[in-house]
Structure formats: C-alpha cells, structure tokens
Amino acid sequence: MVMKANELMLQNLLDINPRTGTITLHDERMVLLSVESLGILRSDLINTLGYERAKGFLMRYGWSCGYKEAETLKNEYEWKSLEELLLAGPAMHTLAGVVTVEPDVLEIEEDKLYFSGYWKNSFEADEHISKHGINNEAACWSLLGYASGYLTKIFGQEVVANEKYCRAKGDSACYFVAKTVAHSEKEHLKDLRYYQTESLQSVLEDVYMEMEQLNEDIIESEKVQNELTELFLEDKDINEITEMIGKLLKRSIVINHFSEVYSSYFECDKDKEDYDKWLKSRGVTNVEDYRGFESFSIKSHKIVLGRMIVIGHTKLDKREQLIINRALMVFTIQMYHQRKMTESLWKKREDFFDEIIDNKIVDDFSLKRQAAIFGFKPNERHQIMAIKFLPKEMKEEVLNFLTKRYSNLDLFMKDGYIVMIIAENQEQDIERLSSTILDTIQRNLPDGKIYIGSGRCVETIQMMNKSYMDATRICDFVQLTYPISSRQASFKELEPIMMFLKGSDQKELIKFYSETIGSLVKYDTENQGSLLITLKSYLDNNGNLQQTADELHLSIAGLRYRIERIESLSDIDLKTGSGRFKCQLATRIYFVLKVMNM
C-alpha cells in the first residue's frame, strides 16, 4: 500500500494489550507520561546542568527520537513521494500529542531542502513558561532536535532546524525553519554543537569540576575579603586597598565618582592613557587595541558612592568576578564611612554659612571660633555668587566639580542654589570668574544650562545677606530672561535699575510697563509665546538682526516676522531711538519686578 502522510492514523498504528499492560507502536514498546512529569524532568535538568547543557541534552534526545522515527516510517511503509515521507514526521509528532505541527513551506531541490511551519500547543513552550517565565531565547529544544534528526535521515543530508519565533520568548506563536546545513545561515550552524555526542556522565563530571573550581574561587575570594577588611580596620588608605586588588587581578583599577578619581592603580602607562581617553568620551564603554573597560557601581541604600573601573586585555573570569564582588563590599563600607564623615563636616559648614547669610550669629566669640575651624576670615570684604544648573538632578555633580576646581573658595548648597563666597583678598575678579565658570561648565557638562548671578561686595558679615539676595535675584533674572541659553550677570550691571525700582512708586512703574509691553506679556501668557524674550534679546544686541537671530536660533526671516508682530501689538516703532529706549526700560522693569516679587 502506497502511503500519504495524512493517512497515518493513531488507532491503526497503536496496539494496547490490557493483559500485559504494554503499548506498542510499530512493534516498539511505548509508555504514557504526563506532560507535567516531563516538565519537572526538564526543569531539573536546567537546574542541575545549567541552561546550555540542558539545552544540548534535550536537543540530542529529540534528534535521536526524530532519527529513529524516520528509520521506522521509511522501512515500514511504501511512500507516494519524498514529500509525503518528509511530512510524515510532523504528522507523527502531532499524533503523539507532543505538538500540533502545521507545515508552511516545503521546497525540495536535488541537494537543498527548505521546510518551515508552525508548532502549536507545544508542551515544551508551555512547561518552560510555567517554570521559568518569558525570556529572550526560544525553548522548544527537543522539538528542534526531532525536526533536525528526522529530516537529516529522510533527506540524506545534514539538516539543521532553528526556532525563528517562540512563545517562550514572548512571540505569539512558535515557528520553525529547517534547512540543509550547506544552505543555512552561519548564525544557525552554531546549534550543530549541541548534537555532538556527550554522555550524561561526562556532563555531570564537567559540572562537578566547575563546582569544585567555583568552591576554590569562593574560598580565595573570602580570603581576599578578610585581608581587605583587615586593611580597612587598620585605617589604611583607600589607595592601598586599590593597589592590592590591582596586583591580585593583574589589572588596572580606578575608583571614581563624577569623574573625580578617589584612588587608582595602573599596571602600565598605556592603561593610564586609555583611561584618560575613555573618560573624555564621557565614560562610554570602549575597546581600544583589545583593551576592555568594565564598570561596577559602588552603592549603599540606593545611593551611588562611586564606581570601580577595571581595565584589562580580556573579559573577567568567574574567579575575578568573585574577587571584585568581595572588593566592592569593602569599598562600599569604606566610602560610605567617608561619605558620612564628609557629610557631617559639610553640614556643619553649610549651617555656619547659613547662619552668616541669615544674620543668625550674634555671639562674636562663636563667630570667630567657627570661622577659624572653616578657614573663613570675617573681617574681610566678600561677594556672593549664586549658581543654578538645569537639569536640577545634576546640581550635586556641578557642586562636586566646582569644589574640586575651586578648592580655595567656600562653596555650599542653599535654597536650591550653589553658593560661592569670594573674599576680596583672593584676588578674584567676580565678573571674570563667573564668565570662566560659565565656559568651563558648558565645556564639561554640555547637556545642561547654567545661570550665574553675582551680588554686591559687602564690608561686614552683617551685610552678607544683601549680597546673597542680590546674587539669587540676578541668577533668577538671567534664567527668566534667557531661558534657552546659559548666561551670567553681576550686580554692577543691574544695580542702576534695581536702585531705581526700590526708590520709585511701584504702581507707576507697573502702569508704565503695562502700557508699553503689557500686550506682549498678555500674548505670551495666553499663547505660550516668546515675543518678550525676542524683544529683550533684540534690544540687548542693539538692534543687530544677525546677532539676535543667532542667539535665539532663528532665521532672519523668522526674526523679522516676530519684530513686526511686536511692533504691531505694542504700537511702538523699534526703528527709533525713543521707541527702543522705552521698550528697554519697560522690559528691565518688568523682569526685575518679577524676580524681586514686587
């Protein structure tokens, strides 16, 4: 009888003997097993042998099943065609309840085979999801093996199947593609290694050897941790601990935080050069001349204390990773301890300057005593600079950067500002200093915006509050008037208008700017526009269209349209000197009053 694949019927193939309790299929004894028990076996293999070895074991098992099935079907029946015999394997898989196979494409050439299809109701995918959840790799391993083994035997050439889609990795269905090895993509040929003969005993022996090695590595890493702990308890410098780890691993080690190096050990000058290049590239992991950089966070209670950079020629092995994990624990304790001490000192320092600025220190003896502790000279003239940085989340990084760069100045946080106190004898021209800080921050932290305000120079401690108020108001003023770019301004620049406002009738001033630019303020408020900012920039640049357009990132045509719109709404001719002066005065009054909350 000539057979077709769809003529295979389970009742015709299966023989059940109730007297002996045996089941045979093609004269071979079979047993019924629950899918749950197969799932437990599969899960135990993964947990015992590891993911890769379990995958190889199940693929070899599937390959043997498929190959044996192919031999039996080929010898048992006469087949109408090679195509029908190839389709018989999926039919038998479906009849056995393993998986519902729906062939999609079957192409046969003289030495080339392409066979694809859907696996539905895959018990293997169901059990994998149940025990291990969704991950990023296909899981129908025994089905892959069965397809590869069956097709290899029937077609007479080596065939390898791969699972293009799988429900175990979140796809909507399981879909396989099988090709002759000679016509398969290189990435799929790597699965051939799983079909190499490997006994369970040899697998278990390898696992045992790995466990032995892991045990030795754990003992060594514990010994390293004890030695590091001893160094810490002996109050050894962090550099000594870093050097010990570097020599043990024969790798260069850097401990840093916000690009500030706490300690380092370099095996060679080339490592130091590569680290400097890596740092300039903003810490993007980089491999240069096969030199790898691996970064490990040093954290405590979700607070990032720093990171450990490990530089070497090869990737870290398990032993090295264990040692690094132990070292990270010691670094975390040491750096957390140092952080708490520093925070305590900084808090006392901030409290001291807070009291000075808020005029809360009335006891002269207390003032002199605390000033001596923090190296502050209360009898000198001082100026205050206030700095804002956006985004706000980076202000701590900016503070650390400035503290390191200007270690001779007093810096601290107050009311959301980075505050800098400059003494007259420090020979710092505050306008030049603020310009330098602006340029330096923009160069090193180009993704943010910085606003700087400098207050008046005051004679006494009691007047520090005035300089602080000047600085914060001017800082807010430049942020308000230049929202799209970093800027700085000083008390010298704004003193005339601030003094003018304080000595004038506030109602008259409000009336003046309302009549002059009130229509622009209303338009911007209702339309989220920026006509007022455009007007101020145009006036600040003395009516120079090109400079204004560059500053606002506009085309000349776009700027001309805005100027025409401003003139139309405010009914002022900006081509005349009186018109420009009137608008200049009105915009200054408006922004300063807004900052001063008048």
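## Conventions

Helices (H or I, at least four residues) and strands (E, at least two) are DSSP runs numbered from the N terminus. The model is predicted: local features need pLDDT of at least 70 and side-chain atom pairs count only at pLDDT 80 or more, while totals for chains, interfaces and linings use all residues. Residue numbers start from 1 along each chain as its sequence is written, and side-chain values use heavy atoms, with hydrogens and water left out.

## Helix 5 and overall content

Helix 5 spans residues 123-132, and its buried residues are Phe123, Glu124, Ala125, Glu127 and His128. Buried means under 20% relative accessible area, exposed over 50%, and partly exposed in between (1.4 Å probe, protein chains only). The cover over these buried residues includes helix 2 (35-49), helix 3 (51-76), helix 6 (141-155) and strand 9 (174-180).

The protein has 21 helices and 18 strands. Of its 598 residues, 43% are buried.

## Nonpolar cores

A nonpolar core is a set of buried Ala, Val, Leu, Ile, Met, Phe, Trp, Tyr and Cys residues joined through side-chain atoms within 4.5 Å. The largest has 52 residues, and those with the most contacts inside it are Ile356, Phe376, Ile384, Met464, Ile517, Leu535 and Leu574. Apart from it lies another core, of 47 residues, among them Ala5, Ala54, Ala138 and Ala168.

Contact means heavy atoms within 4.5 Å. Leaving aside neighbours within four places in sequence, the contacts of Phe376 include Phe352, Phe353, Ile356, His382, Asp410 and Met464.

## Helices 18 and 19

Helix 18 (residues 531-540) packs against helix 19 (residues 545-552) at an angle of about 135°, with the axes 9 Å apart. Axes are lines fitted to C-alpha atoms, for helices over the stretch in contact, and angles run from 0 to 180 degrees between N-to-C directions. The angle makes helix 18 oblique to helix 19; angles under 35 degrees count as roughly parallel, over 145 as roughly antiparallel, 65 to 115 as roughly perpendicular and the rest as oblique.

Ile533, Thr534, Ser537 and Tyr538 of helix 18 meet Leu545, Thr548, Glu551 and Leu552 of helix 19.

## Backbone exceptions

The peptide bond from Leu390 to Pro391 is cis, with omega near 10°. Pro391 sits in the loop between strand 14 (382-390) and helix 13 (395-405).

Lys250, not a glycine, has a positive phi of about 60°. Lys250 is exposed, with a relative accessible area of 64%.
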